[in-house]
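Me: I want to learn how to read pockets in a model. Can you take me through one?

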Amino acid sequence: MTLRAEELLDEAMKLPESERRVLALRLLESVGDDSPEDIERAWAEEARKRLDDIRSGRSQPVPWDEARGRIFARG
């Protein structure tokens, strides 16, 4: 995600749950109706890209316990 998207997510997470639900639904409605095959293909491409990033050293995997801690520290 871009820095701007991360900032928006951080702000959205501060909203009450009911408003986050409405926002999530509105965002989902805005992205179109891709076929299941298109979605699966996009996820496969993203997984390949992430694996390539790890193998090349451009990114480092994070253990689940650490990732979970970071996620819940945002809330």
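**Pockets and fold**

Reply: By class, six charged, four nonpolar and two polar residues make up the lining of the largest pocket. Ala, Val, Leu, Ile, Met, Phe, Trp, Tyr, Cys and Pro count as nonpolar, Asp, Glu, Lys and Arg as charged, and the others, Gly among them, as polar. This is a predicted model: local features need pLDDT of at least 70, side-chain atom pairs count only at pLDDT 80 or more, and totals for chains, interfaces and linings use all residues. Residues are numbered from 1 along each chain as its sequence is written, and side-chain values use heavy atoms, with hydrogens and water left out.

Me: How much space lies in the largest pocket, and which residues line it?

Reply: Rolling a probe the size of a water molecule over the atoms shows where empty space is left. On a 1 Å grid over the protein atoms alone, a pocket is an open set of points where a 1.4 Å probe fits, with protein on both sides within 12 Å along at least five of seven lines; lining residues have an atom within 4 Å of a point. Grid points are joined across faces, edges and corners, and a volume is the space filled by probe spheres set on the points. Here the largest pocket holds about 340 Å³. Its lining includes M1, E6, R50, D53, P61 and R74. Helix α3 gives the most, five residues.

Me: Is D53 buried or exposed?

Reply: Buried means under 20% relative accessible area, exposed over 50%, partly exposed in between (1.4 Å probe, protein chains only). D53 counts as buried because its relative accessibility is 15%. D53 sits in helix α3, residues 36-56. Leaving out residues up to four places away in sequence, D53 touches R58 and S59; contact means heavy atoms within 4.5 Å.

Me: What classes of residue line the second largest pocket?

Reply: Nine are nonpolar, one is charged and none is polar. L8, L9, L23 and L27 are among them. The volume is about 230 Å³. Helices α1 (3-12) and α2 (17-30) each supply at least two lining residues.

Me: What is the secondary structure of the chain?

Reply: Helices (H or I, at least four residues) and strands (E, at least two) are DSSP runs, numbered from the N terminus. The chain has four helices and zero strands.

Me: What radius of gyration does the chain have?

Reply: The radius is taken over C-alpha atoms; the globule rule is 2.2 Å times the number of residues to the power 0.38. The chain has 16 Å, whereas a compact globule of 75 residues would have a value near 11 Å. Buried residues make up 3% of the 75.
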